[in-house]
Amino acid sequence: MNVEEEVEKLKVEIQRLGTKQEDGSFKVTFGVLFNDDRCANIFEALVGTLRAAKRRKLLTYDGELLLQGVHDNVEIILKPPASASATATATATA
């Protein structure tokens, strides 16, 4: 599986496990992602996939390297799709 495929699958898993926010983003903690059986079966290197998605500015979280146990409570926020955030902005200004 290539990096782009893994990042797309990560987005799906964050949406499945996370909580949708008012702005269309999804929030999940690293511990929830790391300890999920389905994610464990999909991602050989979850931390690497998270870093790739962060570099592509698709999600955000504090820090560079997340470690299981130590960073379980770090919130990972999947940014809303560009069209969703544009719609939210247009609706808010109308």
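Author: E4 (residues 75-78) and E2 pair in the antiparallel sense over four bridges, where two strands pair if DSSP finds at least two bridges between them, and where helices (H or I, at least four residues) and strands (E, at least two) are DSSP runs numbered from the N terminus. Please keep in mind that this is a predicted model, in which local features need pLDDT of at least 70 and side-chain atom pairs count only at pLDDT 80 or more, while totals for chains, interfaces and linings use all residues. Residues are numbered from 1 along each chain as its sequence is written, and side-chain values use heavy atoms, with hydrogens and water left out.

Lys27 stands opposite Thr19, and two bridges join E2 (residues 26-29) to strand E1, the two running antiparallel. E1 and E2 form a hairpin with five residues between them, and Gly24 in the turn has a positive phi of about 95°.

Seen as a whole, the four strands form an open sheet in the order E1-E2-E4-E3, with antiparallel pairing. E1 (19-20) and E3 (59-60) stand at the edges with a single partner strand each, so one side of each has no neighbour in the sheet.

Turning to the helices, the axes of H1 (residues 3-17) and H4 (residues 46-55), which are lines fitted to C-alpha atoms over the stretch in contact, come within 9 Å and cross at roughly 90°, on a scale from 0 to 180 degrees between N-to-C directions. H1 and H4 are therefore roughly perpendicular (65 to 115 degrees) to each other. Their contact (heavy atoms within 4.5 Å) is made by Val3, Glu6, Val7 and Leu10 of H1 together with Leu46, Thr49, Leu50, Ala52 and Ala53 of H4.

Lastly, Asp36 lies in the loop between helix H2 (30-35) and helix H3 (37-42), and Asp36 is buried, with a relative accessible area of 14%. A polar atom of the Asp36 side chain lies 3.2 Å from the backbone nitrogen of Arg38. Leaving aside residues up to four places away in sequence, Asp36 touches Glu13, Arg16 and Leu17.

Terms used. Buried < 20%, exposed > 50% of the residue type's maximum accessible area, 1.4 Å probe, protein only. Polar contact = N/O pair within 3.5 Å; in protein donor to acceptor, adjacent residues only side chain to side chain. Parallel < 35°, antiparallel > 145°, perpendicular 65-115°, else oblique.
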